[in-house]
Amino acid sequence: MRQKHMHEPPRLTERLLKRIFPDNGTFTTIGDLEEVYHSIAEEKGPAKARLWYRLQAFKSVFSYYKNQFFWSLVMFKNYLVFTSRLIKRDKFHYFLNFLGLSTGIACCIIIMLFLRNELTYDQHHEKADRIHRISSNYVTSGKPLLYAITSPALGPRLKEEYPEIDDFVRLVPLPEVLFIHGDKRLYQERIVLADPSILKVFTHPLLQGNMETCLKEPNSIVLTATLARRYFGEENPMGKIIQVENQGDFMITGVIKDPPRNSHIPIEGIISFSTWDTDQQSLNWSMYEVFGYTYVLLPEKYDIAAFYEKFPVFYEKYFKADEESYGQVYKPIFLKLKDIHYNTFGFRAEMPLGSRSYLYAFFFIGIFILILACVNYVNMATARSSTRVREIGMKKVLGSGKGDLGFQLLGESLLVSFIAMIIAYGAVLLSLTPLNQRLGLNLETGMLFNPIVIAVVLGLFLLIGILSGIYPAFYLSAIRSVTAISGGFSSGRTEGRIRRILVAFQFVISIGVVIITLFMSRQIEFMRSRDLGFKKESVVSIRLRDNDVVQKVPAFKQELIQHPDVISVATGIGQPGNPNTGLYKFEGGDGMVDHNFWVLWAGFDFIQTLGAKIVEGRDFDPSFSTDRQKGIIVNETLVRFMEWENPIGKRITQGTHTDGLVIGVVKDFHFASLHNKIEPMLIRMIRSPDDNMPGSTPDRLMVRLKGQSLTNTMAWLEDRWNKFNPNRPFVFSFLDESFDRLYDADRRQNRLVKIFSYICIIISLLGLLGLSSFTSLRRTKEVALRKVLGASATQIVLIMFREIFFLIVVAIVVAIPISLLFIDVWLEKFAYKTGINPLLLAATAIGALVVAFLTASYHSIKVAYTNPVDNLRYE
Amino acid sequence: MKLLSRPEELFLLAIWRLQDNAYAVTIRDKVNKITGKTWSFGATFVTLERLVQKRYLTSYLSEPMQKRGGRSKRMYQLTRVGIKALLEIKKLQESMWDDIPRLSMSAVKK
């Protein structure tokens with residue numbers, strides 16, 4: 001055995017040689033080499049022979065691969081030349097191809113940027129996995145009442161009792177504050193109050209300042225680099241003073257890097273927590289009084305179940321005493337930092353969140369567009385096949401194998417998609433900023449140059465190139481050369497059917513999306529125009545930002561009412577559209593019952609200013625001195641909910657507010673968006689400014705104007721305002737506009753789907769254009785014969801359209817139920833919705849047919865008006 | 001008609017000499033013996049291939065053989081064109097060698 005083995009040439013080398021000298025599969029050369037190998041082995045021994053054999057292989061390898069490479073380059077150049085000639089010869093089709101593909105790719109790039117942005121939310125914090133937010137569940141009458149915020153005492157107490165918790169951060173986003181430095185006076189959002197540990201727990205790299213000390217002292221502020229530059233330019237901001245109105249002077253003790261925009265806590269400035277909590281009086285707060293968010297840094301692999309197990313002891317110590325008076329049981333909820341942005345708990349006082357459904361919608365839209373664009377390419381490539389069969393037949397005759405041809409065709413689609421990708425990339429670069437504005441996105445242009453993004457875009461190009469090239473490659477390369485050359489090739493019935501199915505598929509998607517867009521717009525219009533139960537038009541809502549302004553309100557109000565165009569004026573906290581809730585005790589059948597209902601805080605004339613109606617009892621009245629203390633107006637839904645037969649005089653109490661009485665019932669009106677049904681709601685009076693209770697400071701002044709000459713009245717209002725409050729900007733909004741803003745998210749979705757529908761329409765019309773140009777080309781002879789036999793041009797166009805007509809009809813029939821299903825799901829979140837309008841469906845269907853007819857007729861008219869002689873002559 | 005190169009001539013002659021036993025190994029051996037140099041397999045194959053392309057040679061496959069790992073030999077045979085080319089070059093050489101002055105080393109001046 002061993003002897004025999006020694007006499008055989010090395011097998012691995014032989015394999016290599018086999019690759020190099022296949023000799024059409026007979027391997028005679030290998031045989032020659034083996035023969036010589038044996039003779040050398042006999043003469044000089046097997047070792048020498050093996051050496052010789054290997055040397056032979058070694059000598060051949062280099063030149064072989066050099067040759068291969070050289071010739072493949074030559075062929076590649078050849079392919080390039082070939083493809084560029086094809087493009088030149090067939091400009092129309094390739095233009096359609098580029099347009100379709102680059103639109104598709106551009107959409108995909110944008111969608112990818114969006115997904116990346118969303119999926120990396122809050123991921124830039126190094127300890128993101130260990131950071132948890134503690135939220136609160138105040139169980140009320142057995143029902144959960146979820147708050148994203150907690151008591152400011154919770155964090156420090158937890159750290160005290162649970163040494164394993166590494167650190168905690170309390171964070172309170174401040175409402176807009178006015179920053180004053182020199183002559184710059186700007187309202188700043190995104191300023192937070194936070195413990196010094198924020199810099200250690202979260203990742204906010206300090207460019208200047210000391211991490212340990214910069215947020216320790218009261219009245220310290222840390223700014224982002226951008227904000228620092230806004231106020232101090234190129235000067236060193238450290239140690240400078242910035243004045244925050246009504247808060248005092250703040251010293252800049254640090255500058256942090258601008259955090260990425262995809263964080264659920266947008267931060268532009270951090271004010272030290274000790275500014276508010278000077279003597280740590282927050283520790284005396286009841287655990288039931290919520291103020292700000294609490295984040296904790298847990299050790300790695302911390303078992304939260306163990307925490308819950310130990311929690312009863314903690315509860316006993318800090319919560320039990322207040323449980324009775326608040327009537328609530330507290331349960332903590334741990335939420336991982338990266339889960340916050342997409343949580344669906346529905347916390348009260350939550351930061352603005354993302355929506356997963358929006359994410360999914362985006363993702364599927366991307367895939368759809370990709371498929372549509374690929375379908376187009378496939379369609380046109382196979383449609384053009386009849387013009388290319390001869391070329392392919394000739395290539396086959398000249399020795400191209402099926403594989404070579406397939407690769408060439410694949411290469412062609414790769415080249416086309418490569419060019420399309422370059423175009424798309426440029427288009428995205430240019431359109432990102434306007435898109436951000438229209439869709440309310442936060443995509444940074446810089447992300448386009450991120451290596452991962454570039455890699456994914458390249459991957460996308462390969463995917464599209466292969467996806468759209470593979471079918472034509474198989475299909476065309478499989479054509480038999482004899483039939484191809486002899487010109488007898490006709491694409492079979494099945495092939496035509498596939499193409500028609502693809503076009504119909506495109507139309508299903510386009511028509512479906514158009515229907516969805518139309519219904520979405522209709523619903524949004526419906527919500528805007530629906531009678532809300534009060535008159536939202538011509539009500540100006542002026543922001544009252546601080547006590548100084550509030551002090552002057554009574555005098556200001558007196559002055560305003562003098563004006564003939566001012567109907568009434570009222571103060572409020574919040575405004576219809578963004579109400580608050582509160583926990584109250586209501587007089588029920590057997591004693592007082594706790595309920596958490598919506599609450600509007602209002603001054604006198606509130607009902608009148610809104611234009612709502614009192615249906616029972618009376619409005620707040622200054623002549624009743626007790627109204628500020630006791631008076632409560634409830635809505636009809638609350639009366640129904642409480643099953644009060646005679647609501648007037650029923651008792652409603654809360655905490656120290658022990659003597660509330662219902663004085664009136666207001667007709668139900670929509671104080672919140674139409675996503676929700678009207679819920680029980682009560683209106684309380686704002687306390688007089690001098691008693692320092694919560695709810696004593698109005699933050700809105702609502703002024704109802706007469707409809708006419710609004711601009712003049714507004715100018716007059718502003719003038720009055722400036723006289724009363726010379727140092728405060730006049731910031732106002734119209735109530736109807738702020739109500740419309742409640743549907744911003746819906747409108748954004750609608751806009752998104754609208755854009756999507758435009759793209760779908762473009763791509764599928766391109767597909768139809770390609771298809772019709774192809775069919776009219778193939779039917780030239782038929783058309784010519786028909787003309788000779790006396791058909792008119794109109795008849796011919798109609799005959800040509802018949803085929804497409806059926807396609808569209810089928811597409812419509814399929815698209816309608818699918819899109820209605822989608823619409824149904826979308827409408828689910830609205831309590832008040834429009835019905836399905838068959839007229840709209842019919843209009844869409846007719847529109848689709850008309851557009852399809854116009855598109856298709858471009859080619860068929862061309863064919864119909866050609867001289868039949870031209871098309872019959874060459875026989 | 002193009003003239004044969006010297007290696008081509010050598011190979012064609014070797015194949016003619018070998019008659020029915022002309023394949024890469026024997027041909028190379030023969031040429032090695034005549035020229036006294038070692039021709040590499042590469043050179044052998046390239047020359048043979050070129051001669052086939054020029055239609056001076058045809059080839060066929062023999063029966064597979066145990067000694068060659070179960071592979072056939074590619075046997076080479078002169079074609080009419082090949083024989084004609086050989087005769088032509090022979091005639092050319094002979095006419096060149098005819099009636100020239102005596103050729104010897106001493107005839108070359110320093």
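How many residues of chain A are in contact with chain B? 15 residues of chain A are in contact with 14 residues of chain B; contact means C-beta atoms, placed from the backbone, within 7 Å.

This is a predicted model, where local features need pLDDT of at least 70, side-chain atom pairs count only at pLDDT 80 or more, and totals for chains, interfaces and linings use all residues. Residues are numbered from 1 along each chain as its sequence is written, while chains are lettered from A and ligands numbered from 1 in the order in which they are written.

**Where the chains meet**

On the chain A side, α3(A) gives the most, with ten residues. Helices here are DSSP runs (H or I, at least four residues), numbered from the N terminus.

**Inside chain A**

A nonpolar core joins buried Ala, Val, Leu, Ile, Met, Phe, Trp, Tyr and Cys residues through C-beta atoms within 7 Å. Buried means 20 or more other C-beta atoms within 10 Å of the residue's own.

| Core | Size | Residues include |
|---|---|---|
| Largest | 72 residues | Ile105(A), Phe507(A), Ile511(A) |
| Second, separate | 51 residues | Val599(A), Phe671(A), Leu705(A) |

Beyond its neighbours within four places in sequence, Ile511(A) is in contact with Ala811(A), Ile812(A), Ala815(A), Thr844(A) and Ala848(A).

**A helix pair in chain B**

The axes of α1(B) (residues 6-18) and α2(B) (residues 24-35) come within 9 Å and cross at roughly 115°. Axes are lines fitted to C-alpha atoms over the stretch in contact, with angles from 0 to 180 degrees between N-to-C directions. Leu10(B) and Phe11(B) are among the contact residues of α1(B), and Ile27(B) and Val31(B) among those of α2(B).

Notes
A residue is buried if 20 or more other C-beta atoms lie within 10 Å of its own, exposed if 12 or fewer, and partly exposed in between; C-beta atoms are placed from the backbone. Two residues are in contact if their C-beta atoms, placed from the backbone, lie within 7 Å. Helices (H or I, at least four residues) and strands (E, at least two) are DSSP runs, numbered from the N terminus.
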